[in-house]
Amino acid sequence: MGIVSPGFRRRRRDDDVELPPGQYLTQDFPVLSAGPTPNIPLDRWQFTISSEIGQEYQWTWDELLELPAEEPTVDIHCVTKWSKLGTTWRGVSLDLLMEEVETTADYALVHCYGGYTTNLPLEDLLDGKAWVVYEYEGSELAPQHGGPARLLVPHLYFWKSAKWVRGIQLQEFDEPGFWESVGYHNYGDPWREERYAGD
Ligand SMILES: Nc1nc2c(c(=O)[nH]1)N[C@H]1C(S)=C(S)[C@@H](COP(=O)(O)O)O[C@H]1N2
Ligand SMILES: [Mo]
């Protein structure tokens, strides 16, 4: 009769999981911020999508909360090599926010309270691939993790999931964001290990 320790079972389960190349699993939730955590009073919070012709679409905090929410459960992968599996969030899909927006732009530059930016093709925000989230694991999103609201784009490295998101600027031409302009990969697909420019 064999004895199987819980530790062994846990390890086996983790081994069975397929992670993007070079990633390891963590149960923690590390905080990675390029600057201080901004304080954003909810009565002054706004989310703005601006089109390439300068048209602006705006939501207040109350308006965001009134929109139909989704609860995506997704895996997240940081370029510093940690991955977390099965994280659950609550927020509004970008498909819904983009519904009324008239645009022929191909690119998005995401802006944050505090000044951080990140860029991605507009199509990577659509078709159920991205959300503006305000809850994590059933609680309001903690300030250090991007509260009151952050972008969630789990199919790309987590630096694209902009914390304290303030708006999205739609553009005909691509423009590198904060990390992209100092050597991170412009696109950042974890499954192709696109960590740095040239990968
Ligand atoms: N506004 C803002 N968003 C940001 C960052 C940042 O410095 N500022 N860091 C990015 C990076 S590199 C990562 S890995 C994740 C980290 O999110 P977390 O601190 O919730 O783990 O946020 C991303 N979004
Ligand atoms: Mo990161």
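Four salt bridges are present in the structure, a salt bridge being a side-chain nitrogen of Lys or Arg within 4 Å of a carboxyl oxygen of Asp or Glu. The model is predicted, so local features need pLDDT of at least 70 and side-chain atom pairs count only at pLDDT 80 or more, while totals for chains, interfaces and linings use all residues. Residues are numbered from 1 along each chain as its sequence is written, and side-chain values use heavy atoms, with hydrogens and water left out.

One of the salt bridges joins Arg90 to Glu71, with 3.2 Å between the closest N and O atoms. Arg90 belongs to strand S5 (residues 82-93) and Glu71 to the loop between helix H2 (61-66) and strand S4 (73-77), so the pair ties together parts that are 19 residues apart in sequence. Helices (H or I, at least four residues) and strands (E, at least two) are DSSP runs, numbered from the N terminus. Arg90 is partly exposed at 29% relative accessibility; buried means under 20% relative accessible area, exposed over 50%, and partly exposed in between (1.4 Å probe, protein chains only).

A salt bridge is also formed by Lys160 and Glu180, at an N to O distance of 2.8 Å. Lys160 lies in the loop between strand S10 (150-152) and strand S11 (165-171), and Glu180 in the segment after S11, 20 residues apart. Both Lys160 and Glu180 are buried. Glu193 pairs with Arg195 at 3.0 Å, N to O; Glu193 is partly exposed at 28%, whereas Arg195 is buried at 4%.

Disulfides (cysteine sulfur atoms within 2.5 Å) number zero in the structure. Cys112 is in no disulfide, and the nearest cysteine sulfur, that of Cys78, is 15 Å away. Cys78 is buried, with a relative accessible area of 8%, and Cys112 is buried at 2%.

Technical notes:
Chains are lettered from A and ligands numbered from 1 in the order in which they are written.
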